[in-house]
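Reader: Hi! Could you walk me through this one while I have it open?
Author: Happy to, here it comes.

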Amino acid sequence: METKAPMKVIIVGGAIAGLTLAHSLKHANIDYQVIDAYPIASPVGASIAIFQNGCMVLDQLGIYQDLRSLVHPLKTMNIRLPSGKVLAAPPAGTLLEQRFGYSICLLPRQRLIQLLYDHLEDKSKVHAGHGKKVIRVAHSTDGVEVFTEDGSSYSGDVVVGCDGIHSSVRSEMWRHAELNHPGIPLADRSAFASEFTCLFGIAGAVPGLPPGESNIVHGKPASFLTFIGLNGDVYFFLYMRMSERHLWPDSPRFSQEQGESLANAHMGAHITEDVTFGDIWTKRKTFTLLPMEEGVLQDWHWGRFAVVGDAAHKMTVNLGQGGNSAIESAAALANALNEANLCRRGDRVSQEEIEMALSNYQESRRPRLVTIGRAAFEIARSQALEGLKPWLFFSRVFFDNTFLADLSTEQFLGTVLLNYIRKPIRLDNSLWLQGNNQSLTKPPSFHFFACAALVLTLSWILKK
């Protein structure tokens, strides 16, 4: 019996998307190599919330239980006005855990990446750190070869860019596409734009901020989000609209001094009625100020190239779906590559078969990411109190404490799982089995919205 050559994928980027893809390919018996310009799990001071959709895929990969042991799960989401007063305190985390069997897991991003790395069986397949920056990708109908600064090269059937908003793989994909079909990638070169900045970081425990809660503070000129995790650590976010809109790659870069200046300007802002942003800032351990790019590429692949995560779909952090969407996209790509590998006609997977698989990957994900990206877009502007939508949102959560959980449930019912691994047992008795048969959120009448918004607006004016 003829033995077929093993399929091999070169993954550029050793963070959440790249390592999730590595695990997924291992379960499909597809060979891989991971390359990253930085050491794995470099400390960058960011935090992440893994919601139910991300947890489902990580559970399939045998990682969720260890993830759960590292966190204090999120239970309550406090919706607050600029004064810090609670408008509503829906138990969204508790409801979602009851519905899906998974906790919302809050932890430093570095710790999640380390967990993904620790679970890899063969760490010799990971090449990270000094000299491993990708400088060029050679592409032919027979395969790809990825070259790094230290003179090393890595050959495979597919190269996947899991290397973020400034993806070198995406740039190489565009370069090859332009050489072969001039004009193809032009529209995507302006796909990402930033209108908001985000000052994010991690602080030590602050009295008055109990673990398991989040505070979503609406306001102008700044809005805030805090998650309180294990040992009372506070994961904080300060959002602010920039004076102008920037197109990638001309997004602004900020210094630590600019981050400190922004924080100092908002020290008196209320997170709760008794806790200010200054109380958190004085306990800070790490912080970073970045622009929040938004956008979804039209084309996520060309030839033997594909991009995953922020390299393909970027959104504001307000919704908390950037990392979770990257996990889902890694699973979707692994599904497509597994099918191509199993169904190939020759000794090696042909370029035609690769292109079909990558097209299937994009078709399975892009419509969902457009929807999720739009939701993040709207939430960012709602939290900044732009337009009428914040008042409609206030009206709904004030009268319906299941509203946030219902919206999330509808979103998570569309989660892409690995289709060659059994669904996690904990999903057997969950809403997952109900599929998308009906909407959980029934829109209230116009009179409900109008009256509620009027009451809350008048209340707001009186408080001011």
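Reader: Thanks! Which residues are buried in α12?
Author: Phe403, Leu404, Ala405, Asp406, Ser408, Thr409, Gln411 and Phe412 of α12 are buried. Buried means under 20% relative accessible area, exposed over 50%, and partly exposed in between, with a 1.4 Å probe and protein chains only. Helices (H or I, at least four residues) and strands (E, at least two) are DSSP runs, numbered from the N terminus.

Reader: Before we go on, what am I looking at, and how is it numbered?
Author: This is a predicted model, in which local features need pLDDT of at least 70, side-chain atom pairs count only at pLDDT 80 or more, and totals for chains, interfaces and linings use all residues. Residues are numbered from 1 along each chain as its sequence is written, and side-chain values use heavy atoms, with hydrogens and water left out.

Reader: What is the average pLDDT of the protein chain?
Author: The protein chain averages 92, and 92% of the residues score at least 70. pLDDT is the predictor's confidence in each residue, from 0 to 100.

Reader: And where does pLDDT stay under 50?
Author: Over residues 444–451. The model has eight contacts beyond four places in sequence for that stretch, where contact means heavy atoms within 4.5 Å.

Reader: Back to α12, then. Why is it described as largely enclosed?
Author: Eight of the 10 residues of α12, which spans residues 403–412, are buried, so the helix is largely enclosed by the rest of the structure.

Reader: What covers those buried residues of α12?
Author: The cover includes α2, β4 (76–80), α4 (92–100), α10 (351–383) and α11 (389–399).

Reader: Let's take α4. At what angle does it pack against α12?
Author: At about 40 degrees, with the axes 9 Å apart. Axes are lines fitted to C-alpha atoms, for helices over the stretch in contact, and angles run from 0 to 180 degrees between N-to-C directions. That makes α4 oblique to α12: angles under 35 degrees count as roughly parallel, over 145 as roughly antiparallel, 65 to 115 as roughly perpendicular and the rest as oblique.

Reader: Is the crossing of α4 and α12 left-handed or right-handed?
Author: α4 passes α12 in a right-handed crossing. A crossing is right-handed if the near helix is turned clockwise from the far one by less than a right angle, and left-handed if anticlockwise.

Reader: Which residues meet there?
Author: From α4 they are Ala92, Leu95, Leu96, Arg99 and Phe100, and they meet Leu404, Ala405, Asp406, Ser408, Thr409 and Phe412 of α12. By class, that contact of α4 with α12 has seven nonpolar, two polar and two charged residues. Ala, Val, Leu, Ile, Met, Phe, Trp, Tyr, Cys and Pro count as nonpolar, Asp, Glu, Lys and Arg as charged, and the others, Gly among them, as polar.

Reader: Nice. How does α2 pack with α9?
Author: Helix α2 (residues 52–60) and helix α9 (residues 322–343) pack at about 40 degrees, with their axes 8 Å apart. That makes α2 oblique to α9, and α2 passes α9 in a left-handed crossing. On the α2 side the contact is made by Asn53, Gly54, Val57 and Leu58, and on the α9 side by Asn324, Ile327, Glu328 and Ala331. Those residues divide into four nonpolar, three polar and one charged.

Reader: New topic: where is lysine 8, and what does it touch?
Author: Lysine 8 is in strand β1 (residues 8–12). Not counting residues up to four places away in sequence, lysine 8 touches Asp31, Gln33, Ser155, Gly156, Asp157 and Val158. At 24% relative accessibility, lysine 8 counts as partly exposed.

Reader: And lysine 125, buried or exposed?
Author: Lysine 125 counts as buried, at 18% relative accessibility. Lysine 125 is found in the loop between α5 (109–118) and β7 (126–128). Leaving aside neighbours within four places in sequence, lysine 125 is in contact with Asp31, Tyr32, Gln33 and Val34.

Reader: Last one, on the backbone. Which peptide bonds are cis?
Author: The bond from lysine 220 to proline 221 is cis, with omega near 0 degrees, and the bond from tryptophan 248 to proline 249 is cis, with omega near 10 degrees. Proline 221 lies in the loop between β13 (213–217) and β14 (222–228), and proline 249 in the loop between β15 (234–247) and α7 (256–264).
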